[in-house]
Amino acid sequence: MNCRLIDAYLDQTDTQLSPEAARHVQECERCRRLVDALDRLSTTADIPVALRTRIEQGLLASLRPVRPLPPARAFLVTALAVFACFAVLGIVIMGVSGARDANWRQLGVALGILGAGAALLASSLTRQITPGSAYRIHPARLLASIAILLLASLVLLSPWTARPWRLWSGWTCGVAGLGVVFPAAALLCLLVRRGALLSPALTGATAGLLAGLPAVVALQFGCGFGQAAHVAVWHAGTAFASAAAGFLFGHFFGRR
Amino acid sequence: MPEAVPAAELQRRALDELMEGYQGGDQTAAGQLVERLSPLLFRFLWGPGLTRGGVEDLLQDCWLRIHKARHTFRRGEPLLPWAFAIARHVRVDGYRRSSRITTHELATDRLADYPVASPAGPELDLPRLLDTLPEGQREVLFLLKVSGMSLEEVARATSSTVGAVKQKAHRGYEKLRETLGVSRP
C-alpha cells in the first residue's frame with residue numbers, strides 16, 4: 001500500500017478504506033493529515049434568506065412547463081441526415097465527373113473518412129448542446145483531429161503533378177461548395193439553438209465543420225480536377241472556412 | 001430482500017425528481033431545488049479575489065442560466081453534473097468580469113469573512129485550503145469531495161474524461177499534502 005493507492009480510495013465517494021489502506025493512513029502522516037482535512041471539507045455556505053427568496057421569486061415569475069430536449073439519439077440521427085441529404089443533393093447538382101477520374105480506393109477512403117468524421121462531429125454536437133454530457137475526447141481536440149485527418153487524407157490520396165495549377169483557378173469549386181454549406185449550416189443552426197450553448201464558439205466551429213463535410217463529398221465527386229493542392233485549398237478549404245465562420249458566429253452571437 | 005441504497009444515491013434521486021418537477025412547472029419543486037442546490041453552487045462559485053456581493057451576483061446569474069436551460073436536462077441523466085457544468089461557465093465568465101474590474105478597484109469585502117457552516121472539529125481554514133490549488137485541481141477536488149460527485153460525474157461536469165479527472169485529483173492531493181505541512185519522505 002502506498003500514498004498513490006490512497007488517492008484512488010479518495011477518488012471514490014462511497015467507498016470505505018480497506019483495513020490495509022486504513023493501516024497505511026494511520027502510519028503515514030502525509031496521508032493521515034490529508035484524509036482528515038478532506039473529511040472536514042464537506043462544508044456548505046449559509047445562503048442569506050433574502051438572496052434565496054430573490055432567486056426563487058425570479059424563477060417562479062417565469063415558471064412554465066417546458067418540453068425536454070428529444071433523446072440524444074434523435075438529435076444525432078437528424079444531424080447525420082442533414083449531412084447525408086446535402087451530400088447526395090450536392091452530388092446530384094455537381095455530377096460525378098470527379099469520381100470517374102478517381103479510382104475506387106481513393107473514393108472509398110475519402111468517403112470513409114468524411115463519413116466517420118461526420119458521425120463523430122454529430123455525436124460531439126449532440127453532447128455539446130446538453131450540459132454535463134460525457135466525453136471520451138474533448139470537443140476541441142476532436143475538431144482539430146478531424147480537420148487534420150481530413151486534410152492529410154485528401155492531400156495524400158490526390159496526385160501532386162497531374163496538371164499545372166494556379167491558386168485562383170479553382171474558385172468555382174469554392175463557390176459551389178459554399179452553395180452546399182449555407183443551407184446545411186442553416187439547418188444545423190436551427191437544431192443546435194434548442195440546446196444550451198456553454199461554449200458557443202466551439203459548438204459553432206463543430207457545426208460549421210459538419211456543414212462543410214457534405215460540400216467536400218460533393219466536390220470530390222463533382223470536380224474533375226483532382227490535383228492535391230487544388231483539393232487541399234478549394235475542397236478541404238471549404239469545410240475549414242465553414243468551421244471558421246461557425247466559430248466566429250458562435251463567438252459573437254452565441255450568447256444572445 | 002431488496003438491496004440497500006446508499007444515502008447519497010437517495011439524495012441524488014430526490015434532486016432528479018425535483019428537477020423533473022421544475023421542468024413540469026411545479027413551484028414547490030422549484031423552490032426546494034433552489035434551497036438544496038444553492039449552498040453547493042454558492043461554495044463552488046466562490047473563489048479568491050471575489051467579493052461577497054460578487055458571488056451572490058454569480059449565484060443569481062447561475063440560476064438564471066439554469067432556468068433558461070432547464071429544458072436541456074434529460075430525464076434519467078444525473079442532475080449535479082448538468083447543474084455544475086452550467087455553474088462552471090458562470091464562474092469563468094464571472095472571473096473574467098471581476099479580473100477586469102479588480103485591475104482598477106481594490107475589493108474590500110472579501111469572502112474570507114463569509115460565514116461557512118462547518119461540521120464540528122478543530123478549526124481549519126478549509127475554504128482557503130482548496131484555494132491554494134490551481135483552478136483545475138480546485139474544481140475537481142471540490143466536485144469530488146464537497147459535492148460528493150463520482151469521477152464520471154465530475155468528468156461530465158467539467159467536459160473532461162475520467163482519466164484527466166483522476167490525474168488532476170492526484171496532483172491536487174499531492175499539493176494539499178504539501179500545503180498541510182508534510183513533505184514527501
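**The interface of chains A and B in a predicted model**

In this predicted model, 73 residues of chain B are in contact with 58 residues of chain A, contact meaning heavy atoms within 4.5 Å. The area buried between the two chains is about 5,900 Å², and carbon and sulfur atoms give 62% of it; buried area is the accessible area (1.4 Å probe) that two parts lose on being put together, summed over both. On the chain B side, His71(B), Arg74(B) and Arg177(B) supply 13% of the area that chain B buries against chain A, more than any other three residues.

Residues are numbered from 1 along each chain as its sequence is written, while chains are lettered from A and ligands numbered from 1 in the order in which they are written. Local features need pLDDT of at least 70 and side-chain atom pairs count only at pLDDT 80 or more, whereas totals for chains, interfaces and linings use all residues; side-chain values use heavy atoms, with hydrogens and water left out.

Across the interface of chain B and chain A, the rule finds two. One of these joins Arg30(A) to Glu174(B) at 3.0 Å, N to O, and so links helix α3 (residues 29-39) of chain A with helix α8 (residues 162-179) of chain B; helices (H or I, at least four residues) and strands (E, at least two) are DSSP runs, numbered from the N terminus. In another, the side chains of Asp7(A) and Arg177(B) meet at 2.9 Å, N to O.

Helix α2 (residues 27-45) of chain B gives the most to the side of chain B that touches chain A, with 10 residues. By class, that side has 36 nonpolar, 21 polar and 16 charged residues; Ala, Val, Leu, Ile, Met, Phe, Trp, Tyr, Cys and Pro count as nonpolar, Asp, Glu, Lys and Arg as charged, and the others, Gly among them, as polar.

Chain A itself comes to 11 helices and one strand. The radius of gyration of chain A, taken over C-alpha atoms, is 26 Å, well over the 18 Å that the globule rule gives for 256 residues, so chain A is more spread out than a compact globule; the rule is 2.2 Å times the number of residues to the power 0.38. Along its principal axes, the C-alpha trace of chain A spans about 75 × 55 × 30 Å.

Notes
A salt bridge is a side-chain nitrogen of Lys or Arg within 4 Å of a carboxyl oxygen of Asp or Glu.
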